[in-house]
Amino acid sequence: MCCCFFLSFFLSFFKFIEQFYSYIVFQNIRKLDGGNGPSRFRVMMSDGRHTLSSFMLSTQLNHMAEENILAPNCICNLKRHVTNILKDGRRVVIILEIDVIKPAKDVAGRIGDPTPYTEGKSLKYTSLILQQCSVNTLMKGLNRDFGKKAPSVMPNTPGGSSKVVPIASLNPYQSKWTIRARVTNKSSIRTWSNSRGDGKLFSMEIVDESGEIRVTGFNQEVDKFYSLIEAGKVYYISKGSLKLANKQYTSVKNDYEMTLNGESTIIPCEDSCDVPMVQCDFVSIGDLENRDKDAIVDVIGVCKSVDDISRLTTKSNREVSKRTLSLMDMSGKVVTVTLWGEEAEKFDGSSQPVVAIKGAKLSDFGGRSLSASFSSTLMINPDIPEAYKLRGWYDKEGHAMDGQSLTEVKGGSGGGNTNWKSLSDVKTEHLGHGDKADYYTCVATIVFLRKENCLYQACPSQDCNKKVVDQQNGMFRCEKCDKEFPNFKHRLILSANIADYGDNQWVTCFQESAEAILGQNAAYLGQLKDSNEAAFDEVFQHANFNTFVFRNRVKLETYNDESRIKATVMDVKPVDHKEYSKRLILNIRKLAANH
Amino acid sequence: MASLLDASKPRINCSMLSQHIGRGVCFVGRVEKVHPTGKTFSVSDGEGKSATVELNEPLEEELSGIVEVIGMVSSKGVITTTTYNILREDKGIPFDLELYNEALKVIHDFPQHYPFEVAASG
């Protein structure tokens with residue numbers, strides 16, 4: 001990638017020398033034309049965990065860049081360097097001596113998934129992770145043949161003499177700057193009216209190779225710029241005002257935010273292919289449990305399944321569309337994401353696309369779940385390295401995984417989030433011992449059915465299943481309905497023992513699951529019990545030793561000083577042998593690989 | 001060949017034929033071409049490879065779809081059939097030959113966990 005920046009660079013103040021060995025991966029390089037004097041090369045490095053672009057090659061090493069010795073992805077040993085602190089407090093590492101220990105052509109692709117390193121942490125690289133990294137740029141048409149091609153000429157910035165600076169360098173103390181950035185998100189115009197008068201504003205998020213920032217325009221700037229700006233396009237923006245950011249409402253990573261003023265200019269940029277499409281700091285779905293509720297996060301995952309659209313009426317009597325989907329990533333965890341409005345309506349989850357959401361809101365609904373708010377950006381199959389990685393992983397192994405959902409859906413599995421356990425797992429993992437009930441799914445065989453007391457007399461009212469008291473006068477009393485009835489309905493509570501290769505479990509099956517297991521409905525069974533005991537027994541004989549997929553709920557219950565695990569069958573399904581086989585084969589291979 | 005039916009007949013695919021020459025096997029595959037004489041036909045396994053099956057008597061019925069052949073592997077890698085089963089496609093869940101092949105690989109990769117030989121002779 002050949003991009004030249006004109007950058008005024010003031011090196012001064014403290015220079016302290018640290019010497020340490022560090023294996024880092026050379027990621028990316030830029031040539032900076034300093035006007036008079038030799039070229040300077042700015043370099044982005046990664047240690048497999050983080051990237052940092054504040055490296056400069058000392059001029060005596062310029063030849064390494066010019067001769068393509070330093071090429072993206074090569075693994076280097078940084079032997080000597082000097083750290084300078086700039087006027088605004090940022091640090092720059094000047095590379096004095098660096099060895100390439102593995103050339104780029106011998107490195108097969110990305111190492112780890114490095115994210116931009118945030119300032120404030122110690123710059124000492126103590127982790128020596130030799131992994132493979134790809135260039136952490138989010139660009140199309142990567143041209144990594146730096147040095148072989150003449151650096152492209154900086155397009156003439158409007159106003160001639162302005163220098164294009166990176167977004168990351170913007171601060172309140174410099175006003176004459178121009179940036180070149182892509183608009184990733186443009187809000188609608190909001191108006192307000194209060195005691196001080198009326199006003200309107202719009203906001204947008206813009207991104208370039210160095211970072212992102214939130215921009216707001218008020219009143220006259222709305223008129224000037226709103227219609228000019230299109231999300232997804234690149235613009236030269238200059239002379240906005242910078243101030244400290246209000247981080248509460250946005251996940252944009254920048255200490256500052258920008259406000260457009262009377263001197264600001266926004267001009268479309270034609271040559272925009274180098275500017276990244278989006279800047280995201282993705283959180284692994286597995287990590288969402290550790291985040292606070294109401295946090296604003298960026299996530300990316302494969303849409304495993306999507307539910308049908310539903311419509312709700314809000315408190316203000318507005319109808320709004322809603323759709324939920326399950327998102328899974330390489331942590332093996334699944335989370336439910338809710339989309340609203342037009343995004344919900346337009347969403348197409350067929351072919352299990354990679355979905356990325358910037359600025360999703362994390363909630364503790366059902367444990368942990370995500371919602372795409374009006375300020376979130378939803379991307380389907382984005383053209384970024386993380387998406388390709390996910391696609392490759394999913395096609396290879398992810399598609400056969402059920403994943404563990406962070407969002408508990410009551411009443412049966414919602415969209416493929418199954419928590420498969422063996423019965424011995426349930427005991428060794430002490431499921432049900434926590435504050436809340438635990439749910440799990442297992443394949444098990446019925447080994448015993450208690451036919452005594454499996455039926456009870458229930459209130460004949462539609463929605464009441466309470467046991468009725470036989471008044472012995474032909475009437476049956478329901479305490480809940482506070483009524484007497486001349487009849488009752490039979491209902492099942494079936495106690496059963498189910499077993500797999502490892503363990504067994506006593507479970508209680510209520511009406512639906514009991515009927516599914518016995519293959520007869522409660523009313524018929526109630527009749528049969530009184531009229532034909534042999535036939536009644538035979539129903540149970542026939543039902544024994546059948547294998548099903550059980551979805552069970554376990555909870556520790558205390559009853560008169562005694563604590564016992566109670567397991568209830570929520571759902572019974574026949575075994576899907578194909579799916580079961582696939583899962584078993586996958587688990588076997590995984591077990592084998594870990595030995 | 002009653003003795004063949006008593007002995008263990010490991011399930012194999014085409015790539016395992018050469019290791020089972022002279023032994024009884026069980027081969028599941030998709031019928032490809034039936035010879036006009038009806039005495040021989042070709043089958044393909046879950047990996048797409050083909051093998052030849054020979055019968056003692058010509059076929060009396062139409063053969064298509066997935067078939068399970070029990071027989072012996074000749075020195076030329078041809079399966080001489082003792083008996084065969086057609087896994088009908090119109091009944092039950094369709095047979096997934098590729099998945100079967102994956103299971104086959106597991107059985108052969110971990111013989112210590114799938115001791116069919118012991119089970120058969122015991």
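Trainee: What makes strand 27 and strand 28 (residues 476–478) of chain A a pair?

Mentor: Two bridges join strand 27 to strand 28 of chain A, and the two run antiparallel. Pairing asks for at least two bridges, so this count meets the definition. One contact to look at is Asp470(A), whose bridge partner in strand 28 of chain A is Phe476(A). Keep in mind that this is a predicted model.

Trainee: Which strands of chain A make up the open sheet of three, and in what order?

Mentor: The order is 27-28-29 in chain A, with antiparallel pairing. Strand 27 (469–470) and strand 29 (483–485) of chain A each have a single partner strand, so they stand at the edges and one side of each has no neighbour in the sheet.

Trainee: Why do Arg477(A) and Asp482(A) count as a salt bridge?

Mentor: Their side chains meet at 2.4 Å, N to O. The cut-off is 4 Å between a side-chain nitrogen of Lys or Arg and a carboxyl oxygen of Asp or Glu, so the pair qualifies. As for Asp482(A), its relative accessibility is 54%, and it counts as exposed because the label starts over 50%.

Trainee: What ties Lys333(A) to Glu289(A), and which parts of chain A does the contact bring together?

Mentor: It is a salt bridge of 3.8 Å, N to O, again within 4 Å. Lys333(A) lies in strand 20 (residues 333–340) of chain A, while Glu289(A) lies in the loop between strand 16 (265–268) and strand 17 (296–306) of chain A, so the pair ties together parts that are 44 residues apart in sequence. Glu289(A) has 43% relative accessibility and counts as partly exposed, because it falls between the 20% and 50% limits.

Trainee: How do you know whether strand 13 (residues 234–238) of chain A is mostly covered or open?

Mentor: Five of its five residues are buried, and buried means under 20% relative accessible area. Now look at each face. Val234(A), Tyr236(A) and Ser238(A) are buried on one side, and Tyr235(A) and Ile237(A) are buried on the other.

Trainee: Which strands of chain A pair with strand 13?

Mentor: Strand 9 (residues 178–186) of chain A pairs with strand 13 in the antiparallel sense over five bridges, and Ile179(A) has Ile237(A) as its bridge partner. Strand 16 of chain A also pairs with strand 13 in the antiparallel sense, over four bridges. There, Ser238(A) stands opposite Thr265(A).

Trainee: What makes Val447(A), Phe448(A), Trp506(A) and Phe545(A) a surface patch?

Mentor: They form a nonpolar patch with about 400 Å² of accessible area together. Patch members need over 30% relative accessible area. Phe448(A) passes at 36%, and that value makes it partly exposed. Phe448(A) is found in strand 25 (residues 438–450) of chain A.

Trainee: And what kind of charge gathers at Glu57(B), Glu60(B), Glu61(B) and Glu62(B)?

Mentor: They gather in a patch of negative charge on the surface, because Asp and Glu count as negative. Glu62(B), from the loop between strand 4 (50–54) and strand 5 (66–73) of chain B, has 73% relative accessibility and counts as exposed, because the value is over 50%.

Trainee: Finally, what is the pattern of chain B along its sequence?

Mentor: The pattern reads α-β-β-β-β-β-β-α-α, with three helices and six strands. Of the 122 residues of chain B, 39% count as buried.

Definitions and conventions. Residues are numbered from 1 along each chain as its sequence is written. Chains are lettered from A and ligands numbered from 1 in the order in which they are written. This is a predicted model: local features need pLDDT of at least 70, side-chain atom pairs count only at pLDDT 80 or more; totals for chains, interfaces and linings use all residues. Side-chain values use heavy atoms; hydrogens and water are left out. Patches are made of residues with over 30% relative accessible area and no salt bridge: like charges are joined within 9 Å, nonpolar side chains (Val, Leu, Ile, Met, Phe, Trp, Tyr) within 5 Å. Accessible areas come from the Shrake-Rupley method with a 1.4 Å probe; for residues, only the protein chains shown count as cover. The place of a charge is taken as NZ of Lys, CZ of Arg, CG of Asp or CD of Glu. Buried means under 20% relative accessible area, exposed over 50%, partly exposed in between (1.4 Å probe, protein chains only).
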